[in-house]
Amino acid sequence: MNLTKLIRHDLQCGLFRLRCLLVPPLAALPCLLCLRITDSAGCKSSWAGYMMYCFMGIEPISVQDTMEKAQFPILWLILIIGCLYLHLDYPLNDLSLTGQQIIVRSGNRRNWYLAKCVWNLCACGLYFLMVSLTASLFTVLTGGDLSLNCDAAALKVLYLGETGGKTLPPLTALLLSLILPYLTVSAISLLQMTLCLIMKPIFCFLIGIILLLLSVYWDSPLILGNGAMGIRSSLLISGGVAPGPAAEECCLIIILCMAIGSWMFKRSDILGARD
Amino acid sequence: MMLRCLKTELRKAFQNKMFFCSLLVGSLISITDVAQNAVLVRRMTRILENSSEISKSAEGFSLFVRWIAVNGVTLGSNLFYFVWPILAAIPYGWSWAEERKSGLYAQIVSRVGRRTYFFSKYWAVFISGGAAVSVPVLANLLINALVCPYCVPTVLMAATPITNGYFLSELYYSAPWIFGLLWCGVDFLWGGVAACMCLPAGTRFRHQVMVLLVPFVSLILLDAVCSMAMSIGSLDHLELSPLRLALAAPASANPGWLLFSLLGIFFSVTFLGGYWEVVKHELN
């Protein structure tokens, strides 16, 4: 059984699951808020505007400087954590059902694990596709522009004036609203899957949440979640996180997770693997 | 028989690795909060020592302003009050699903009956979940007392987040230690009901991790819906989200009637749902 066959099996069994129906309601929450904000300001948001609002995030919370209640980016967290949650159990399920048979017949553990990595990347892609489709639905229903053009007025309202009236080129909007969040979420999801080889999945999920919360407090490009927050990008604010290094870091983590994970999976005891 | 079964369940709940892991994670988060407070207190003390013009009062960084259940600003506080449903579920929320899967459930109910099994299981899950949440909160209060100065908060201070309409607000300003201990009790109840949400879910999921995440996912979705309702409707004066009601000082008021009604609703739903799944359902 070669790698492509294993990937095809994983995509058939693990990509379109009933739980994908949870994604549109999750994405609808920030879209509804975005619609409310733009409506009250008397402007209309384009597709890129909705997407950028979904992955806007917040400015870093500074503990020393503020005694006031911090505004917690709950909708951003829900959107990112939703992806981690939906993709947490498929590899475990597969391993406890047909996975062991497949590994025996294919005779190659590394390929089985790499197929799961490809599945993970595709599943994250599907998640973002569904978020994009939800944003498109909102754009069409509210009469907005189904494009990557970001209206400066809407952007200023949505980003609380942080952008200083800048207009974003379409490619920048695509990078901030889709590519960087996708890479960041994929990297965290693969990290979670790799960690599942050495500890219980619930603790891997907790580590993912801790990483995201660390990024809420610190805007260091080394902390993964920062790439998924548009408001922290150097393309929008001065001194922000540069998109290039953030994307490179995510790609590096993805590659490392694939390499280390397949190496570790080769040496792990799969007969005792249940949870 | 019931008491013996409960004792056995409690022993199983408190003497397993998962309980200690949950306690360890909770305590680490709690210590993160103390560390951040220590840095802040040192900085503020230096400022107060070097300046002769400003008030020397330590109210702004008093123990009862910086406590994890009150401050709502530090990483420790935000992290703990975000993941507490997971910490509550980890100790023993998995037990019903695991025992059902392994067949141990059938062995026990053939000896003690389903009802006794359910009641003892429910209370063991409740107590272990409550302990996993309330112990780190209490530990944080005690360890923070080594770092932050004790100073009774005053209503006029901008840093004190509890105002009129909050649960036990009078007690917070008159007897803060009693307030702190009582709040640990409230967190115990929240932890308990959150952990018990795993019981009705135990028959629905194949994997332990998905069962353990049911309280977290349910409460976070409720939080998002409540946030929307609070911002769109005119309910922003009340904190409706159960996830944030575990905080002693959420962004909006948490009157006692709201707190205990929601606790009652959660208790009824988890108890009746669990009873339906464990006692009334056919063994599958």
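In this predicted model, α13(B) supplies the largest share of the lining of the largest pocket, namely five residues. A pocket here is an open set of points on a 1 Å grid over the protein atoms alone, where a 1.4 Å probe fits, with protein on both sides within 12 Å along at least five of seven lines; lining residues have an atom within 4 Å of a point. The space in this pocket comes to about 1300 Å³, a volume filled by probe spheres set on the points. Among the 44 lining residues, A:Gln71, A:Phe72, A:Pro73, A:Ile74 and B:Arg244 are the closest to the centre. By class, the lining holds 28 nonpolar, nine polar and seven charged residues.

I turn to the interface. Here 42 residues of chain A are in contact with 45 residues of chain B, contact meaning heavy atoms within 4.5 Å. The two chains bury about 3900 Å² between them, 74% of it on carbon and sulfur atoms; this is the accessible area (1.4 Å probe) lost on being put together, summed over both.

Finally, the conventions. Residues are numbered from 1 along each chain as its sequence is written, and chains are lettered from A and ligands numbered from 1 in the order in which they are written. Local features need pLDDT of at least 70, side-chain atom pairs count only at pLDDT 80 or more, and totals for chains, interfaces and linings use all residues, while side-chain values use heavy atoms, with hydrogens and water left out.

Note on methods. Helix = DSSP H or I, 4+ residues; strand = E, 2+ residues; numbered from the N terminus. Nonpolar A, V, L, I, M, F, W, Y, C, P; charged D, E, K, R; others polar.
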